[in-house]
Amino acid sequence: MQTLDALVADLVDRWTGDEDHPGDRGPGLMERLDRLAIRTAQPRQAGGGATPGSRPPASLDPIHWSTSIKAQARILDMQLRASSHMQRWDRALKALPAGAEATGRVREVASTVGTWHSTVRTVLGLQAPSREMRGVVCLVCGQRTIHCRPDDDRPRAWCVNPGCEDEETGRPARYSGSRLYLLTRNAAEGPG
């Protein structure tokens, strides 16, 4: 997992990624999201066509997520600084690591920024969407809050319960390899 500083840099400056998902060192993920304009095919009806120069509608997913993440980053930055002044979204994102460190909320902020990072990569089509593993109980916190990304090369799962704390990492539990097998066996056996 990337550090908070690396996640913020990927979102704002350049997408470098990590050892598992190397980036292309191109523009930041938020800039890519803002530029994304997925066009839908326009239906042709009985030989008719669209008005010259008209464009089909763009998908609202990139617009929704870009606006949402920027607003959440600005609000989180205000909370960390205990200020009523709201910064521009890019400055707010860049200020999050220092603010998290100063308030002792690094784990919480890293988890939030990691979720934004993953969401943007999913909307951009750089990774498959996660899926809920229904009926699977987290081996750490005992809640049914497990999500997975069943990639062929590296299947993995994680707990989305913010209160879950793995003894090894201090973060919500993550499962891969033999640990993922234990989790799936847990689902097959069922509760009790």
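Two residues are in contact when heavy atoms lie within 4.5 Å. With that in hand, here is a first look at the chain: among its contacts between residues at least 6 apart in sequence, 43% join residues at least 24 apart. This is a predicted model, in which local features need pLDDT of at least 70 and side-chain atom pairs count only at pLDDT 80 or more, while totals for chains, interfaces and linings use all residues. Residues are numbered from 1 along each chain as its sequence is written, and side-chain values use heavy atoms, with hydrogens and water left out.

**The chain as a whole**

- You will find six helices and four strands here; these are DSSP runs numbered from the N terminus, with helices (H or I) of at least four residues and strands (E) of at least two.
- Starting at the N terminus, the order of elements is α-α-α-α-α-β-β-β-β-α.
- Of the 192 residues in the chain, 35% are buried, a word that stands for under 20% relative accessible area, with exposed meaning over 50% and partly exposed in between (1.4 Å probe, protein chains only).

**Helix H5**

- H5 covers residues 106-123, and its 18 residues reach 26 Å from first C-alpha to last, close to the 26 Å expected at 1.5 Å a residue; the expected span is 1.5 Å times one less than the number of residues.
- Just past the end of H5, Gly 125 has a positive phi of about 80 degrees.

- H3 and H5 pack at about 165 degrees, with axes 11 Å apart; axes are lines fitted to C-alpha atoms, for helices over the stretch in contact, and angles run from 0 to 180 degrees between N-to-C directions.
- That angle makes H3 roughly antiparallel to H5, since angles over 145 degrees count as roughly antiparallel, under 35 as roughly parallel, 65 to 115 as roughly perpendicular and the rest as oblique.
- Among the residues making this contact are Trp 65, Ile 69 and Leu 76 of H3 and Trp 116, Thr 119 and Val 123 of H5.
- The crossing of H3 and H5 is left-handed, meaning that the near helix is turned anticlockwise from the far one by less than a right angle; clockwise would be right-handed.
- H1 and H5 cross at roughly 35 degrees, and their axes come within 10 Å.
- H1 also passes H5 in a left-handed crossing, where residues including Leu 4, Leu 7 and Leu 11 in H1 meet residues including Val 113 and Trp 116 in H5.

- Gln 87 sits in the loop between H3 and H4 and is buried, with a relative accessible area of 18%.
- The side chain of Gln 87 makes a polar contact with the side chain of Asp 77 at 2.7 Å; such a contact is a pair of N or O atoms within 3.5 Å, where, within protein, one must be able to donate a hydrogen and the other to accept it, and residues adjacent in sequence count only if both atoms are side-chain atoms.
- Arg 32, in helix H2, is buried at 19% relative accessible area, and its side chain reaches the backbone oxygen of Pro 27 at 2.8 Å.
- Lys 70 belongs to helix H3 and is buried at 17% relative accessible area.
- Leaving aside neighbours within four places in sequence, Lys 70 touches Met 30, Asp 34 and Trp 89.
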